[in-house]
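The entries below follow the order in which I went through them.

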Protein chains: 2
Amino acid sequence: MASNQDLLSIFALGGVHEIGKNMYVLQYGDDMIVIDCGSKFPDESLLGIDLIVPDITYLLENASKVRGLVITHGHEDHIGGIPYIIKQLSMPIYATRLTLGLIEIKLKEHGLLSATSLHEIDAEATLTLGRIPLSFFRTNHSIPDCLGIVFETPQGTVVHTGDFKFDLTPANHQHADIHKMAAIGQKGVLALLSESTNAERPGFTPSERTVGDHILEAFTKATGKIFISTFASNVNRLQQVIDAAEKTNRKIALLGRSMVNVVDISLALGYLAMPPGMLVEANEVGRFKPHEIAVLCTGSQGEPMAALSRLASGTHRQVEVSSGDTVILAATPIPGNERNVARIVDNLFIRGVKVIYGSGSVTGMHVSGHASQEELKLMLTLMKPTYFIPIHGEYRMLYQHRLLAEAVGVAPERIFIVNNGEAVDFRNGEAQQGRRVPNGNTLVDGLGIGDVGNIVLRDRKVLSEDGILIFVLSLAKSDGKLVSGPDVISRGFVYVKESEALMDEVQRIALAAVTQLQDEEATQWGLYKQALKEAVGKFLFMKTQRRPMILPIIIQV
Amino acid sequence: MASNQDLLSIFALGGVHEIGKNMYVLQYGDDMIVIDCGSKFPDESLLGIDLIVPDITYLLENASKVRGLVITHGHEDHIGGIPYIIKQLSMPIYATRLTLGLIEIKLKEHGLLSATSLHEIDAEATLTLGRIPLSFFRTNHSIPDCLGIVFETPQGTVVHTGDFKFDLTPANHQHADIHKMAAIGQKGVLALLSESTNAERPGFTPSERTVGDHILEAFTKATGKIFISTFASNVNRLQQVIDAAEKTNRKIALLGRSMVNVVDISLALGYLAMPPGMLVEANEVGRFKPHEIAVLCTGSQGEPMAALSRLASGTHRQVEVSSGDTVILAATPIPGNERNVARIVDNLFIRGVKVIYGSGSVTGMHVSGHASQEELKLMLTLMKPTYFIPIHGEYRMLYQHRLLAEAVGVAPERIFIVNNGEAVDFRNGEAQQGRRVPNGNTLVDGLGIGDVGNIVLRDRKVLSEDGILIFVLSLAKSDGKLVSGPDVISRGFVYVKESEALMDEVQRIALAAVTQLQDEEATQWGLYKQALKEAVGKFLFMKTQRRPMILPIIIQV
């Protein structure tokens, strides 16, 4: 249809009503531009699942229209889905230098370096994808080289903020480009998509520089070795650690694969600076006096296989944390990770280590990378959008962001809280919400992408809670008479040796159910299976209040 | 041995190096007194487990010496284990009136009311168990009628604080008996066991009265119905809600079994006061105008089956929460519950409800029931113990409590951080730490107590992550030749219909493994089982990076 050539649509394939898995699409006529390609971790109900990435059915159906993938920054919730998505749909990727470096590592790991083309951009770049000119503006966040994106569509200007905060004293002296933002707002913005992660937090997020001050203070006080754990991707924080180490005459060692990767690439690309001879190998740490060493390590979220957890339990192969050392957790535990982090703190205290832990707002060792309410209002004020779509967040965050937008004067009827797959369509300057496009979660389990569905997950849930009882019986081919069984095998239900009486009863009940059908000369296997499930299931629930999976197997002999 | 008649021992069977499952034992000669009998919830690694209670093997071995069970207060982590323990070992139970009322409900539910004897005490009571005189002192906590216990042993006085805070403006005007505590300390305390839950928190825990002020303010502002969710056992908070409802002319309805239970018993025993006609049935709520109703409900921790969760999702049978209503979460989410609470807030916002949520320190709608650092130091100062054993807490809390004790002058070598089952023995005024007694976790799964062990849990873990593949084959009785199979059945691994190619390959590999053994004229079933596990396991890990349980079943025909 001709009129569709003028239709501007914006929708999310991931990132709203959730944290993570960010993927937004801007479509104008036959040109589709994808923004970000993130992953997220499954909650505990998705048993055995490693990762969730966006379902891109809609992009595959419109593959000929996809002009490219533009990435705002290099965090996992924005780039973690790339290898899984690129396997399904190759598209050129546009990102800043550091972001591209991190994407390259991922593609290399998956053997996909030649599967797509990578294009370096910076905040001053302009490019045109299909009929749409794009420009960018620099923002602050907890990783360097972050972009907001400006799409100059014939229907009007659309702005996507990416993740941001306003850090007025950024550790790397790279200020968010407020003047450029002001100019964009002054020219007129049709629609703003702005991130909502911290929309529930009053005030203004503290500067990363404040963390540097606390790190230096701790380094100055410490007498033994110092271990400091933080997100590897927070390159500016790594630099502040390096600076503190330099000032207190300590060498730096790195523990953890992602820490080594990020430091390597950041040094190579000029995002980190370190004096020559300062970096020592992990296995050289023992050669120095304790007060000459600072160790940057992964595992600040309590990840059981990461460096910090191994240090705390005394199972790291190369380095030992000892009484008199200081461990700094420069991160606030994300909900769900508290127990693992607490276990590490317990283990470190048992070793007589001084531990600086707890919420960053108390220790000063962590600040958020996301805009709090006053900063979100500042962004809305700078951009003066006609329409506003809060993105990046669970419903309550999007909702709080809506209230902030209303407070700074955006008309309530022009604010759209959307769900994934729910498009906002712009035609002649008027917007409408509600058209749906296919969307969903693609589950990654090991090497399988999307091969685990609801039935498998439901089975895993039953198996995880109460285990499985398998009944094996054989029936004669000739006359259907019971030849052997039913024999029962239990896994994950009860420990048979300690529950012999119960299992004997189960066997007796199963035999009774089968015998009754034999007496009735039943031949249909389905009847036997159903009778076993019912009789044993009922008995077990009455006796134990458990509902194990009951799986009858019948063999014809 | 005669000398053992003078030995005083103190040990925990639960409650140290953990939160919950509290059970302490004081033994003097042949007299054992048990203090508290709590339960705790399993962490996510204990798949399918409902509850954890102390392993009382040691008490069973010494059943003739157990003189009684003294309960400090009526929270689950102090009384939740009673039905499971009393089934194994009957002992007289001593507790205050409200605590006994809550214990009776539990015993009734388990049909155990006649399994033991219940003895009411109060803070002024004295009693003698075996050769040991006991007295008590009143404390403040987030449930009324809490006791600290004083044991007058010939070796010296031992004090167990139970859970406590110092609330100098308690909502129920029942002050902690500081004068009695001071007198006990003045007379001399050999050993203090004091709770450590909030030992990491600086300062002084705010008074419960501050919550009442915030509740009244919210009630005054609200225009629609008010729903307020809190722990049912926090009777003083319930009273403050009732008071606010009275002042703002609202009726009170109750939702949730534990809320109804606690209010019933508290009204009956005089711990709650409510004007006549104020309480309305849940199904009568619809008859009143919204501003005439306040609803007290369970589910403040996001429990999916509790009242608040049902209200938020619109599935409560009797009451509806509507746009314009106010929902108050008068509780701080316990780590691990944040996601469930957040889901409720999301759902309430979607319904257009005003929600007061988040940390109690921000909303003012919740204060802790546990002593912060200054209060712990106050208790230590009042009691002036010669020896100190921090209890109730994970290691880091016990450790911080040790630092507090050192700060107020307890000699470091007289502070014992103990593990469960690790006794502190007192002889002639000298203490020694280290003797071990049997202890552990008893896992409750449905009606089974202790019948789920490590093997079952390990199986559940494998099953939950990658499911199970069952191979069935039959071998001839006569010559061991393969008659049928191997057939493969999958549960919780992949969805077979969408992974036919993979399952075909699995079948082929299984057949090849069996055929090779047939060619070698193998007869031992163990060889077949091992070959199947190895061949299929290796293939699947290579192909999918998953490790499902592989269960070969061989039938002789």
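Are Arg546(B) and Asp445(A) buried or exposed? I looked this up under the rule that buried means under 20% relative accessible area and exposed over 50%, with partly exposed in between (1.4 Å probe, protein chains only). Arg546(B) is buried, and Asp445(A) is buried as well.

Before going further I noted the conventions: this is a predicted model, in which local features need pLDDT of at least 70 and side-chain atom pairs count only at pLDDT 80 or more, while totals for chains, interfaces and linings use all residues. Residues are numbered from 1 along each chain as its sequence is written, chains are lettered from A and ligands numbered from 1 in the order in which they are written, and side-chain values use heavy atoms, with hydrogens and water left out.

**Chain A overall.** I found 16 helices and 26 strands in chain A, taken as DSSP runs (H or I, at least four residues, for helices; E, at least two, for strands) numbered from the N terminus. The C-alpha trace spans about 90 × 75 × 45 Å along its principal axes, and of the 557 residues in chain A, 58% are buried.

**Charges.** I counted 52 positive and 61 negative side chains in chain A, with the centres of the two sets 2 Å apart; Lys and Arg count as positive and Asp and Glu as negative, leaving out His and the chain ends, and each charge is placed at NZ of Lys, CZ of Arg, CG of Asp or CD of Glu.

**Salt bridges between chains.** For the burial I noted a relative accessible area of 14% for Asp451(A) and of 0% for Arg546(B).

**A pair within chain A.** Arg237(A) and Glu208(A) form a salt bridge with their closest N and O atoms 2.8 Å apart; it links helix H7 to helix H6, across 29 residues, and both partners are buried.

**A network.** Lastly I recorded that Glu200(A), Glu394(A), Arg396(A), Arg343(B) and Asp346(B) are linked by salt bridges into a network.

Methods. A salt bridge is a side-chain nitrogen of Lys or Arg within 4 Å of a carboxyl oxygen of Asp or Glu.
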